[in-house]
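Hi,

Here is the structure I promised to send over. Have a look at it first, and then read my notes below.

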Amino acid sequence: MLRNGLEPWHLLVVLAVVVLLFGSKKLPEMARGLGKSMRILKAETKALREDDAPADAAAQGTAQSTAAPQQPAAEQARPAVTPTNVTKATETSRPTTTA
């Protein structure tokens, strides 16, 4: 029974019921209103997509720049070696003698 879904005679019955409920004078007005609503919806969704497109491109650009290869955790934990760190380390490791 429901195998074929909507057959042509189903559509005719639905059309007849709609004409009887709303009348033949109201149908063109409703169709115009529906068309205007669809045009407004289409224009708004297009505007939203255009507004989001630059933001998406910027987000992808920052995501790619922040996705640079990161150092392993062991290298991040080590302090950076600078010339001042090296001299301090060698000065403290030398035994001090007092004469």
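A quick definition to start: helices (H or I, at least four residues) and strands (E, at least two) are DSSP runs, numbered from the N terminus. Bear in mind that this is a predicted model, where local features need pLDDT of at least 70, side-chain atom pairs count only at pLDDT 80 or more, and totals for chains, interfaces and linings use all residues. Residues are numbered from 1 along each chain as its sequence is written, and side-chain values use heavy atoms, leaving out hydrogens and water.

The chain has 4 helices and 0 strands, running α-α-α-α from the N terminus. Of its 99 residues, 0% count as buried (under 20% relative accessible area; exposed is over 50%, partly exposed in between; 1.4 Å probe, protein chains only).

Now the bit I wanted to show you. Trp9, Val13, Val17, Leu21, Phe22 and Met30 make a nonpolar surface patch of about 610 Å². For such a patch, nonpolar side chains (Val, Leu, Ile, Met, Phe, Trp, Tyr) are joined within 5 Å, from residues with over 30% relative accessible area and no salt bridge (a Lys or Arg side-chain nitrogen within 4 Å of an Asp or Glu carboxyl oxygen).

Which helix gives the most to the patch? Helix 1 (residues 8-22), with 5 residues. Val13 is found in helix 1 and is partly exposed, at 45% relative accessible area. Just after helix 1, Gly23 takes a positive phi of about 85°.

Cheers

Note on methods. Patch = residues over 30% accessible without salt bridge, like charges linked within 9 Å, V, L, I, M, F, W, Y side chains within 5 Å. Areas by Shrake-Rupley, 256 points an atom, 1.4 Å probe, with all protein chains shown as cover.
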